[in-house]
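User: I am new to this structure and would like to learn how to read its features. Could you please guide me through them one at a time?

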Amino acid sequence: MIVLGAGRVGSAIALDLSGDYDVMAADSSKEALQMLKSKGVKTKPADLSDKKRLRSLVKDFDLVIGAVPGFMGFQTLKTVIESKKNTVDISFFPEDAFLLNKLAQQKHVTAVVDCGVAPGLSNMIAGYHHHRMMAENFECYVGGLPKERKPPFEYKAPFSPIDVIEEYLRPARLVVNDKEVTREALSEIELVEFNPVGKLEAFNTDGLRSLLHTVDIPNMKEKTLRYPGYAEKIKLLRDAGFFSCKPVAVNGIKMKPLDFTTSLLFPQWKLQPGEREFTVMRIIVEGKEDGMRLTYQYDLYDEYDIKTGITSMARTTGYTCTAAARLVIEGGYAQKGISPPEFLGARTECFDWVMKYLKKKGIKINCLRKRK
């Protein structure tokens, strides 16, 4: 296998798979590759935006893991598919992955996309229950946060910060009474109680992605979780134009406000080595099953692993990906074309495998089944 991208999540993926498979990690960051090399993972420095280089890189591998930043994701996936390589991808690019479905089918490629925690595990849960009940409502609340709350933002980005800002700019798509509707990102703030965290605020983000078109659940929403008060601060920056890409003149020099803002925010949002953080997610599925009205509630809480130094977001995202990768490489899932995670979740054996694997990795997910 080859892992494209050796950031926090890509590194966690490479380390997890290297115990059982011949794994190579490729990235342009010498520092990231050196860390993996010191732990016995083969590495290859490479500019992954170079199509010709990428084709040469993946040609000798049986499975490709895509863990590049979102802005590179779609083209990287396309190149991998053109190279006739099965792949599992977590790059969460803004483009519609199904635009590559025909190509993947023609190349006889299995391509599992959006295979992280959310989207990813959340989709699997949706697909699992959609296949077994008349689901009427699906709700996803998810976020990654630092244990120590440092003002003014009380936030650290456990993955690409530019992808975080993209979430705050892109309109959120929801499903209300069987109709797709659009809400402003960061809107409809509500407080939700989580054990052992306490109260967190939840706001709309565009996280349903493929679920908008692959399942027919009448009501669906996805909300991002932060410490209370965060959304209003980000909305102030956004509405004041600090995230704009339209150049403005400052003392005769033109610059994008987004470039200025990110240069200030990213150092504040950077997780420091050993800094503890956690991932929290709640999935609620309601509907009719076997003649009964039922509600399923999944609660996930995971913390930074002190022994390995792997962040919780890297664990929950990465190990969902490696569970799917193991399914694909061992022949447990072989559907050709683009497969969002809900396609895996619809298959009991795949869903059970992923849930058992996450439990084996120490990621605790509690499921409560309630009859109304």
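Analyst: Let us begin with salt bridges. A salt bridge is a side-chain nitrogen of Lys or Arg within 4 Å of a carboxyl oxygen of Asp or Glu. Please keep in mind that this is a predicted model.

User: How many salt bridges does that rule give here?

Analyst: The count comes to 23 salt bridges. One of them joins the side chains of Lys-42 and Asp-22, with 3.1 Å from N to O. This pair links distant parts of the chain: Lys-42 belongs to strand E3 (residues 42–45), while Asp-22 is in the loop between helix H1 (8–18) and strand E2 (24–27), 20 residues apart.

User: Is Lys-42 buried, partly exposed or exposed?

Analyst: Buried means under 20% relative accessible area and exposed means over 50%. Lys-42 has 44% relative accessibility and therefore counts as partly exposed. Asp-22, with a relative accessible area of 48%, is partly exposed.

User: Which residue meets Arg-149 in a salt bridge?

Analyst: Arg-149 meets Glu-154, and the N to O distance is 3.2 Å. Arg-149 is partly exposed at 42% relative accessibility, whereas Glu-154 is buried at 16%.

User: Which parts of the chain does the pair of Asp-305 and Arg-315 tie together?

Analyst: The side chains of Asp-305 and Arg-315 form a salt bridge of 3.7 Å, N to O. Asp-305 lies in the loop between strand E16 (292–303) and helix H11 (312–329), and Arg-315 lies in helix H11, so the pair ties together parts that are 10 residues apart in sequence. Arg-315 is buried, with a relative accessible area of 6%. Salt bridges may also share partners: Glu-166, Arg-170, Arg-173 and Asp-206 are joined in this way into one network.

User: How should I read aromatic pairs, and how many are found in the whole structure?

Analyst: Rings pair if their centres lie within 6.5 Å, and planes over 60 degrees apart count as edge-to-face. The search finds 10 aromatic pairs. In the edge-to-face pair of Phe-74 and Phe-93, the centres are 5.6 Å apart and the planes are at 80°. Phe-74 is in helix H4 (residues 70–82), and Phe-93 is in the loop between strand E5 (86–89) and helix H5 (101–106), 19 residues away in the chain. Phe-74 is buried at 16% relative accessibility, and Phe-93 is buried at 1%.

User: Which residues do ring pairs link into a cluster?

Analyst: The cluster consists of Phe-153, Tyr-155, Tyr-168, Phe-203, Tyr-230 and Trp-269. A ring may also have a charge over it: the charged end of Arg-226 sits over the ring of Tyr-230, 5.5 Å from its centre.

User: Why is strand E11 described as largely enclosed?

Analyst: Six of the seven residues of strand E11 (residues 198–204) are buried, so the rest of the structure largely encloses this strand. E11 pairs in the antiparallel sense with strand E10 (residues 190–194) over five bridges, and E10 and E11 form a hairpin with three residues between them. Within that pairing, Leu-191 has Glu-201 of E11 as its bridge partner. E11 also pairs in the antiparallel sense with strand E12 (residues 219–226), over four bridges; Asn-204 stands opposite Lys-223 in E12.

User: Which residues form the nonpolar patch on the surface?

Analyst: The patch is formed by Phe-242, Val-248, Val-250, Ile-253, Met-255, Phe-260 and Leu-264, with about 570 Å² of accessible area together. Strand E13 (248–250), strand E14 (253–255) and helix H10 (257–269) each give two or more residues to the patch. Met-255, in strand E14, is partly exposed at 33% relative accessible area.

Notes
Residues are numbered from 1 along each chain as its sequence is written. This is a predicted model: local features need pLDDT of at least 70, side-chain atom pairs count only at pLDDT 80 or more; totals for chains, interfaces and linings use all residues. Side-chain values use heavy atoms; hydrogens and water are left out. Rings of Phe, Tyr and Trp (its six-membered ring) pair if their centres lie within 6.5 Å; planes under 30 degrees apart count as stacked, over 60 as edge-to-face and the rest as tilted. Buried means under 20% relative accessible area, exposed over 50%, partly exposed in between (1.4 Å probe, protein chains only). A charge sits over a ring if NZ of Lys or CZ of Arg is within 6 Å of the ring centre and within 35 degrees of the ring normal. Patches are made of residues with over 30% relative accessible area and no salt bridge: like charges are joined within 9 Å, nonpolar side chains (Val, Leu, Ile, Met, Phe, Trp, Tyr) within 5 Å. Accessible areas come from the Shrake-Rupley method with a 1.4 Å probe; for residues, only the protein chains shown count as cover. Two strands pair if DSSP finds at least two bridges between them.
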